[in-house]
Amino acid sequence: MRIGMSLVAAASLFFSFAHPVLAEEDARAAIEAANASFEEALNKGDAKSVAAAYAEDANLLPPGEQIISGRDNIEAYWKGAIGAGISRLDLVTKEVEASGDFAAEVGELTYEMPGSGGAKKAAAGKYIVLWKKEGGSWKLYRDMWNDTPKN
C-alpha cells in the first residue's frame, strides 16, 4: 500500500512539473501552424486572411510607423503592404514562452520587397509577437518587427 501511494505521489509531482512544458510545446506547435497559415495568406496576397490571424483588439507595431489597432485597420495595413509588393514571407520561430492564455514568440523573418527597376530584393529581420488565446486558438495580439542590418 505504501509503495502504491508513493508511486501516485511521484506521478503527481512529475505531472505538476511537466504540465508547463507540455503547455509550452502545445503553444509552440499551434503558433508555428498559425505562422504557416499567415505566410500562406500573405504570399497569396490575401490581406483578409492575414488579418484574421489577429485578435480583435490586436495592435500592429510596424517599424517607423504609428501603432495600428484593430483587425480592420490591420487588414488595411497588410493590403497596402501586399499592394506595394511585399511577398515570399518566411517566419522562423526561435523561442516561445507560454503562460495561460498568453504566449511570447521571438523569431526571424525573410521576405521580398520591390527593388530598383521593378526587381525584387531580399530582406531579413526579427520579430516579437505576444499571442493571445481567443476562442480556443492562438491569435496575434501584439506584433512588432524590424529589419536586420546587412553586414
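Two residues are taken to be in contact when heavy atoms of theirs lie within 4.5 Å. In the predicted model, residues 24 or more positions apart account for 50% of the contacts in the protein with a separation of 6 or more. The protein comprises three helices and six strands, and its elements follow one another from the N terminus as α-α-β-β-α-β-β-β-β. Of its 151 residues, 32% are classed as buried. The accessible surface amounts to about 9300 Å², and carbon and sulfur atoms make up 58% of that area.

The six strands form an open sheet with mixed pairing, in the order β2-β1-β6-β5-β4-β3. Strands β5 and β6 run antiparallel and are joined by 10 bridges. Valine 129 has aspartate 143, in β6, as its bridge partner.

The largest nonpolar core contains 32 residues, of which Phe38, Tyr54, Leu60 and Trp78 touch the most other members. At least two residues of this core come from each of α1 (2-44), α2 (47-52), β1 (54-61), α3 (71-83), β3 (87-99), β4, β5 (120-134) and β6 (137-147). In soluble globular proteins, nonpolar side chains tend to be buried together.

With neighbours within four places in sequence left aside, leucine 60 is in contact with Tyr54, Gln66, Ile67, Ile68, Ile74, Tyr77, Trp78, Asp143 and Trp145. Among these partners is Asp143, the residue of β6 that is bridged to valine 129. Another partner, isoleucine 74, belongs to helix α3. Isoleucine 74 has a relative accessible area of 0% and therefore counts as buried, the limit for that class being under 20%. When residues up to four places away in sequence are not counted, isoleucine 74 touches Tyr54, Ala58, Asn59, Leu60 and Ile68. The C-alpha atom of isoleucine 74 is separated by 10.0 Å from that of leucine 61, a residue 13 positions away along the chain.

Nonpolar side chains also occur at the surface. Val106, Ile128 and Met144 form a nonpolar patch there, with about 230 Å² of accessible area together. Valine 106 is located in strand β4 (residues 102-114). Because its relative accessibility is 30%, valine 106 is classed as partly exposed.

Definitions and conventions:
Residues are numbered from 1 along each chain as its sequence is written. This is a predicted model: local features need pLDDT of at least 70, side-chain atom pairs count only at pLDDT 80 or more; totals for chains, interfaces and linings use all residues. Side-chain values use heavy atoms; hydrogens and water are left out. Patches are made of residues with over 30% relative accessible area and no salt bridge: like charges are joined within 9 Å, nonpolar side chains (Val, Leu, Ile, Met, Phe, Trp, Tyr) within 5 Å. Accessible areas come from the Shrake-Rupley method with a 1.4 Å probe; for residues, only the protein chains shown count as cover. A salt bridge is a side-chain nitrogen of Lys or Arg within 4 Å of a carboxyl oxygen of Asp or Glu. Helices (H or I, at least four residues) and strands (E, at least two) are DSSP runs, numbered from the N terminus. Buried means under 20% relative accessible area, exposed over 50%, partly exposed in between (1.4 Å probe, protein chains only). A nonpolar core is a set of buried Ala, Val, Leu, Ile, Met, Phe, Trp, Tyr and Cys residues joined through side-chain atoms within 4.5 Å. Two strands pair if DSSP finds at least two bridges between them.
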